[in-house]
Structure formats: structure tokens, C-alpha cells
Amino acid sequence: MKVVVCGGGAIGAACAYFLSLRGVEVVVVERAGVACAASGKSGGFLARDWCDGSALEPLARRSFALHEALAREIDADWGYRGMTTYSGVSGQCGQGRAPLPWLSDAVSLQGRLGSPRTTAQVHPARFTEGLMRAAQAAGARLVTGEATGLRRDASGAMRGVMVDGDEIAADRVVLAMGPWSIRAGDWVDLPEVHALKGHSLVFDAPDVPAEALFLEHRERDGSVSSPEVFPRADGTVYVCAISSDAALPEDPAGTDPDEGAIERLETICHAISPLLSPDRVIARQACHRPVMRDGLPLVGPVPGTAGAVVATGHGVWGILNAPATGEAVAQMMTEGSTGAVDLRPFDPARLPPGGSRGARPAARRTLGRYGETVDRS
């Protein structure tokens with residue numbers, strides 16, 4: 001069997017890795033660079049049980065376990081470590097002194113959300129790149145180019161994938177292009193994939209311990225944001241907040257921050273901790289996460305297109321759920337069924353087709369931090 005995986009993000013890399021382990025000939029097609037979009041600019045936060053009670057529970061729990069196993073088994077350092085995770089309020093919401101010495105007096109913690117046994121972190125770009133290198137070591141091939149369509153023989157069977165005008169032979173294809181999977185709506189019947197834009201900063205702050213924060217922050221003008229703070233094993237701290245409904249750019253590597261968003265986020269961060277000052281910022285960035293209207297990913301056979309599988313729409317849990325998604329896709333393609341995870345809740349056929357390259361991918365609903373569906377409009 002020969003499979004072309006369209007997309008070099010965390011989901012595509014995981015699919016390539018687990019397919020390669022099963023002896024499948026894999027070609028990954030990526031037009032802009034491995035981990036160039038959300039897979040390289042996300043928080044990389046992992047939670048074992050935050051999706052419990054939802055359709056995502058089996059996927060998240062299996063994937064959390066796989067993250068720990070992959071960090072041991074693959075010879076690559078992507079900063080995997082357990083974290084203690086807290087909730088709290090800050091800014092004009094804060095009252096009293098925070099019990100963590102690296103925080104400012106404007107922060108008040110309300111409780112512990114997770115321990116190092118239940119919450120963890122990876123550096124998302126290094127994770128994605130490490131998984132892709134492991135797939136290549138197992139025989140996968142990485143091709144730079146843009147996938148533009150599918151080719152079939154006279155009987156309708158899959159023959160290949162068109163990449164920059166040339167055909168790459170394939171028996172199967174995996175569409176894992178994040179929010180840009182909407183482009184494949186010109187070739188196959190897919191539900192509309194939306195994009196939620198988020199902004200983030202990365203600080204050089206080696207003195208911050210492995211303590212993640214989920215805060216509600218009231219700014220001076222009365223507006224409330226929800227910053228998330230993730231110290232990384234490499235001595236940096238990632239902070240994200242401020243989502244928007246901005247249009248998806250043509251180039252996956254070309255997402256620019258909204259006007260004023262980074263300055264606003266810098267002010268929020270400095271209020272949270274003196275260690276998160278603007279002079280310590282080493283990256284100012286934005287990315288688009290793929291989401292579906294019902295808050296669940298698309299993982300499974302593309303309706304009406306034999307040999308095509310889609311894997312996208314994971315929203316805020318893309319890095320967390322990449323390993324179990326890749327494993328399940330590989331099992332489905334090679335064995336006809338999945339093992340630890342039932343993919344039926346994520347069947348693309350549950351939603352009407354409507355994705356197309358000409359559609360505006362504007363997200364209105366997505367998964368919240370605890371796995372619930374929330375309105376982002």
C-alpha cells in the first residue's frame with residue numbers, strides 16, 4: 001500500500017509515523033514547511049482527563065498515554081514533561097497575593113486543575129519535527145509541494161495525488177492540512193472546516209517553574225481575556241490569548257497578528273508576572289486552528305471518495321490528540337478497524353458537505369479549554 005499524507009503538521013506527522021511503522025509506503029506532501037502553522041505556534045499543552053464526559057474522552061486519554069510513550073521511545077528531545085496546572089484570576093480581577101513567587105500581586109489562584117500525572121507539555125514544533133523525522137527514519141518520504149487534486153483510473157479507484165502539476169502515485173490519501181483542508185473541498189465532499197485565529201508570545205524566562213496557568217484577566221478598560229501560560233523545559237514561557245475571526249491567509253506560514261493584539265497581550269503578560277516583560281519577548285506570533293461547527297474533529301473516510309481519509313478539525317487539542325489520531329488512522333487504513341479509539345463520533349458523514357476553496361473559513365464555535373463547545377463569535 002502507498003499512502004500520500006497531505007499536510008506536515010502534527011496530525012500529518014503522526015499519521016505518517018504510525019503508517020510507516022506498519023510497513024506502509026508513505027509520502028508526506030507539505031507546501032510551506034513542517035510545523036509551519038498552528039503545530040509550531042501552539043502551546044503544546046496536554047491534559048489526560050479534561051475531555052472526560054465528551055466524545056473526545058477515549059481519544060484524549062489514549063493520546064496522553066502515547067505522548068509519554070513516544071517521549072521515551074523516539075530519540076528526540078521535544079521537551080516533554082509533567083506540569084502542575086492552576087486556575088485563577090488576574091488584573092482587575094485579582095485580589096491579594098498569589099501563592100507562587102514568580103507571579104505578581106495582581107494574580108489570585110483559585111485551585112489546582114492538574115498535577116504532573118494528569119497535565120503535561122511538549123514543545124509543539126519540536127514534537128512535530130521529531131515525529132516527522134521518526135517517520136522518515138521508518139521509510140516515509142517528505143515532498144515539498146502543493147497538493148491540488150486526486151487522480152483515479154477508469155474504474156474510479158484511487159490512482160494518485162496531483163502535486164504542483166505532477167502525479168504522485170497512491171492507493172490512499174490522508175487529508176491533514178489543518179484549516180487549509182478546506183481547499184480539498186474542490187476535490188471531495190467535505191464539511192466546511194473553519195479557522196480560529198489566536199495570538200501568542202514566547203518569553204525568555206528560565207526562572208519560571210513547571211507551573212501552567214489558566215486565568216481570567218480583567219484589563220483596565222473592563223474587557224476580560226483568558227490568558228494561558230505554559231513554561232517550557234527549554235527555559236521559555238509561552239502565553240496565548242486574544243482570538244479573532246480573521247480570514248485564513250493563502251500561505252500557511254504567512255499568518256500575521258491582528259493590529260494591536262500583540263501589544264495588548266504584552267500588557268496582559270506583564271501584569272501577570274514581572275518575568276514576562278516585553279523586553280524578554282523572543283517571538284510574537286499568530287496562527288489559525290482548524291475547528292468544526294460541532295466542536296469535534298473530522299477523522300475518518302471521506303464520503304463518496306474511496307481511498308480518501310480526512311484528519312483535521314482538532315481545535316485547541318490538536319497537539320494533545322495527534323498521536324492517537326495518527327495511530328487510529330493507520331489502524332483503519334491497514335487493518336480496517338481501530339483499536340483503543342472509536343472514530344465513529346468523528347465521522348465526516350455526520351456533517352453536511354460544504355467545504356470549498358472559495359468559502360470563507362470563519363470559525364464561530366470551537367472546543368473550550370475543558371472540552372466543552374463554546375461560542376467564539
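## Ground rules

The model is predicted, so local features need pLDDT of at least 70 and side-chain atom pairs count only at pLDDT 80 or more, while totals for chains, interfaces and linings use all residues. Residues are numbered from 1 along each chain as its sequence is written, and side-chain values use heavy atoms, with hydrogens and water left out.

## The sheet

Here we have three antiparallel strands in an open sheet, ordered β3-β7-β4. Strands are DSSP E runs of at least two residues and helices are H or I runs of at least four, numbered from the N terminus; two strands pair if DSSP finds at least two bridges between them. β3 (45-47) and β4 (81-82) sit at the edges with a single partner strand each, so one side of each has no neighbour in the sheet.

Between β3 and β7 (residues 119-121) there are three bridges, and A47 faces T119 in β7.

S42 is in the loop between α2 (38-41) and β3. With 8% relative accessibility, S42 is buried (under 20% relative accessible area; exposed is over 50%, partly exposed in between; 1.4 Å probe, protein chains only). Leaving aside residues up to four places away in sequence, S42 contacts P124, R232, Y238 and I319 (heavy atoms within 4.5 Å).

## Rings

Nine aromatic pairs turn up, counting Phe, Tyr and Trp (six-membered ring) centres within 6.5 Å; planes under 30 degrees apart are stacked, over 60 edge-to-face, the rest tilted. F45 and W50 make a tilted pair, at 5.2 Å and 55 degrees. F45 is buried at 7%, and W50 is buried at 7% too.

F230 and Y238 are 6.3 Å apart with planes at 10 degrees, so they count as stacked; both are buried. Ring pairs tie F45, W50, F214, F230, Y238 and W317 into a cluster.
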